[in-house]
Amino acid sequence: MVKICVLFQVFEAPLPNSLFAIKQGLKMYIIEDKGGAIALMLASLLFLGTWPAVLTLLERRGRLPQHTYLDYSITNLLAAVLIALTIGQLGESKPSMPNFFTQLSQDNWPSVLFAMAGGVVLSIGNLSTQYAWAYVGLSVTEVISSSMVVVIGTTLNYFLDNRINRADILFPGVACFLVAVILGSAVHASNATDNEEKLNVSTNSYKLGTSGSVEPSKEVTEKDANKDLENGASPNKYATKAEAGTAEYLIELEERRSIKVFGSSTFIGLGIVFFSGVCFSLFSPAFNLATNDQWHTLKEGVPHLVVYTAFFYFSISCFVIGVGLNILFLYRPMAGVPKSSFKAYLNDWEGRQWALLAGFLCGFGNGFQFMGGQAAGYAAADAVQALPLVSTFWGILLFGEYRKSSRKTYILLGFMLFMFVVAVAVLMASSGHRSTK
């Protein structure tokens, strides 16, 4: 059972005195056992696997990615503030474990900078994957980036955590992720071949390019020239909705979405994915250094940052980078996305509630991952990088990925998901225990 040290004493005294006694009896919410850490990691896995599907849905409906990410950034920061002001502020501050407000005034800037550096790389990674989902697809993007986190980030965390995780279990789990990544690449290749065959026999006004990509015909290009630059969507819509998995469905999707990918090079999407994977690999080790000070950068007597304070600074830098870059992208867009303006963003309410929800899911997902990692070790907490399990589920359910694919694709997909399940179980079994005393 989770050891939540919340102690209440009932006094036969006036209400104000009783409330003061309760306040004095409260202690900060700290996960102290393996079971509680694993529960948080499972919740984090669900949240971090769901928010990419929400943003992908908005992009496929034609909402500009700049507008979506600005909304997402607001609630992502708000989640960190809520965690800091509630869980991080419970109870009386103690010298070894000060509460949130106490730590704001302490001389802990080396740790703060590590936390903020983690927020910077995470924000850049998240921003990159928003475009990678369009070019490569939700499932494959998450598989590749997660594998890089496991291979690079989990290995770094293992040594930073003074090897509190069981290496004989941890690294076989890393190997399981690598096998799943190979299978995921095979799934993508097989599904791409299936889509190419569908488009080859399509009678619509699209043709295959010389590199195997799909390119619009001259008539479709001219028709799409009058797109609305404010919302990124073309006013020309198909009269009927095609069945998922058909060539017509793929063509309708390209017409509707905000990031146009037909005719683009495969290497562009893969390059974005690998860049985001490197960013994701570094944010967890940076947060680990912020909360545990393995490099002894703090002055003697200065307590380590508690996870809630570190997460607050982490989210501040994530917010600043995300908002700053996307305001720039409003006027200087990338990847062929239409220009917009800050006024257009403020007036764009279509899908805003979903973007705000995605920010909450990501914020609380990251917070839960860090809380679990503080107790069980950040290497084991990286088991949430099996989030492609969740993302693939949403990709199949919401977007019809792999619909009407070949038998080979389905077999590879099944083996990939099985290996991810094994990888999650093995990495969680490697959890150690970090003393909070």
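**Figure 1. Salt bridge between Glu-59 and Arg-257.** In this predicted model, the side chains of Glu-59 and Arg-257 form a salt bridge, with N to O at 2.8 Å. A salt bridge here is a side-chain nitrogen of Lys or Arg within 4 Å of a carboxyl oxygen of Asp or Glu. The two partners sit 198 residues apart and link distant parts of the chain. Glu-59 belongs to helix H2 (residues 34-60). Arg-257 lies in the loop between helix H9 (247-256) and helix H10 (266-292). Helices (H or I, at least four residues) and strands (E, at least two) are DSSP runs, numbered from the N terminus. Glu-59 counts as buried because its relative accessible area is 5%. Arg-257 is buried too, at 5% relative accessibility. The classes are buried under 20% relative accessible area, exposed over 50%, and partly exposed in between (1.4 Å probe, protein chains only). By the salt-bridge rule, the count comes to 6.

**Figure 2. Salt-bridge network of Arg-63, Asp-71, Asp-348 and Arg-352.** Salt bridges link these four residues in a network. The side chains of Arg-63 and Asp-348 meet at 3.2 Å, N to O. This pair spans 285 residues and ties together distant parts of the chain. Arg-63 is in the loop between H2 and helix H3 (65-85). Asp-348 is in the loop between helix H12 (342-347) and helix H13 (352-376). Both Arg-63 and Asp-348 are buried. Arg-352 and Asp-71 form another salt bridge, at 3.0 Å, N to O. Here helix H13 supplies Arg-352 and helix H3 supplies Asp-71, 281 residues apart. Arg-352 has a relative accessible area of 7%, so it counts as buried. Asp-71 is also buried, at 2%.

**Figure 3. Surroundings of Asn-366.** Asn-366 is placed in helix H13. Its relative accessible area is 3%, so Asn-366 counts as buried. Neighbours within four places in sequence are set aside here. Asn-366 is then in contact with Leu-48, Leu-122, Phe-283 and Phe-311. Contact means heavy atoms within 4.5 Å.

**Figure 4. Positive phi at Tyr-402 and Lys-404.** Both residues lie in the loop between helix H15 (388-399) and helix H16 (407-429). Phi of Tyr-402 is near 70°, a positive value in a residue other than glycine. Phi of Lys-404 is near 60°, again positive in a residue other than glycine. Tyr-402 counts as buried, with 7% relative accessibility. Lys-404 is partly exposed, with a relative accessible area of 42%.

**Figure 5. The chain as context for the close-ups.** The secondary structure comes to 16 helices and 2 strands. Of the 437 residues, 56% count as buried. Contacts between residues at least 6 apart in sequence were also counted: 81% of them join residues at least 24 apart. The chain exposes about 19200 Å², with carbon and sulfur atoms supplying 67% of this area. Accessible areas come from the Shrake-Rupley method with a 1.4 Å probe; for residues, only the protein chains shown count as cover.

**Notes to all views.** Residues are numbered from 1 along each chain as its sequence is written, and side-chain values use heavy atoms, leaving out hydrogens and water. Local features need pLDDT of at least 70 and side-chain atom pairs count only at pLDDT 80 or more, whereas totals for chains, interfaces and linings use all residues.
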